[in-house]
Amino acid sequence: MRGKGSRGLHVITPSVEDLQLAHLYVLNNNKKVLPYILCHEGLVKESNSKMSKNRVLKEYNKTFLNWFKDTIFGDDNASETLRKLVDGPKINVITQQGYDINKYSFYTNAQDEKSTMQNSGVTLRVESQHFASVHDDNPCVAFIPYFGLVEEIWELNYVKFNVCVFKCKWVDNNIGVRTNDVGFTLVDLR
């Protein structure tokens, strides 16, 4: 997926926590990293056999970045792409108010306030595990649609390539989304 910024270029230095969250998102959505994700999930489950699945997922998220780095650095056959991914993005991040990807234009909500064209609304259909409580050991897997607004657009620089990520404000599906009598989905973005 190739894209380019179209308006409002700025450079920021986000918090370490925000940058790591964006980096973890990039890794969790990269096909080349998937075998490592599955391996690490298995190791976390094995070493914490009495932990609930919810707790295992939290432990995975907390430990994956360091485990992945150690694993790739120890593998002489790892590709250049994996080596750049494991290094993480540069700490200075290019932000944009508009971004064009695959013939679609996306704006941040702030850019929408200045424009007649409204392009900050997004929807995402996600397959994920849902837990009834922290003690639930039998999560259900479901496809859930999420609706939101693009708050920030970041270009993460991995030296040899950039990855665009959107930081969104998501609508609470329990109170902000409903279906009307004719089947249309109505979303309250407030």
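**View 1. Val33 and the residues around it.** In this predicted model, Val33 touches Leu27, Phe64, Phe68, Leu82 and Leu85, once its neighbours within four places in sequence are set aside. Two of these names, Phe64 and Phe68, come back in the next view.

**View 2. The largest nonpolar core.** Here we zoom out to a set of 23 residues, the largest nonpolar core. Val33, Phe64, Phe68 and Leu156 have the most contacts inside it. At least two residues of this core come from each of helix 1 (16–28), helix 2, helix 3, helix 4 (80–87) and strand 7 (140–157). Helix 3 gives the largest share, with six residues. Another core lies apart from this one; it has six residues, including Tyr99, Ile101, Val122 and Cys168.

**View 3. Where helix 2 meets helix 3.** Helix 2 (residues 34–47) and helix 3 (residues 53–73) have axes that come within 9 Å and cross at roughly 125°, so the two helices are oblique to each other. The crossing of helix 2 past helix 3 is right-handed. On the helix 2 side, look for Tyr36, Ile37, Cys39, His40, Glu41, Leu43, Val44 and Lys45. Helix 3 answers with Val56, Glu59, Tyr60, Thr63, Phe64, Trp67, Phe68, Thr71 and Ile72. Sorted by class, that contact has 11 nonpolar, three polar and three charged residues.

**View 4. Gln111 in helix 5.** Gln111 sits in helix 5 (residues 109–112). Is Gln111 buried or exposed? Its relative accessible area is 11%, under the 20% cut-off, so Gln111 counts as buried. Not counting residues up to four places away in sequence, Gln111 touches Arg7 and Gln97.

Methods:
Residues are numbered from 1 along each chain as its sequence is written. This is a predicted model: local features need pLDDT of at least 70, side-chain atom pairs count only at pLDDT 80 or more; totals for chains, interfaces and linings use all residues. Side-chain values use heavy atoms; hydrogens and water are left out. Axes are lines fitted to C-alpha atoms, for helices over the stretch in contact, and angles run from 0 to 180 degrees between N-to-C directions. Helices (H or I, at least four residues) and strands (E, at least two) are DSSP runs, numbered from the N terminus. Angles under 35 degrees count as roughly parallel, over 145 as roughly antiparallel, 65 to 115 as roughly perpendicular and the rest as oblique. A crossing is left-handed if the near helix is turned anticlockwise from the far one by less than a right angle, and right-handed if clockwise. Contact means heavy atoms within 4.5 Å. Ala, Val, Leu, Ile, Met, Phe, Trp, Tyr, Cys and Pro count as nonpolar, Asp, Glu, Lys and Arg as charged, and the others, Gly among them, as polar. Buried means under 20% relative accessible area, exposed over 50%, partly exposed in between (1.4 Å probe, protein chains only). A nonpolar core is a set of buried Ala, Val, Leu, Ile, Met, Phe, Trp, Tyr and Cys residues joined through side-chain atoms within 4.5 Å.
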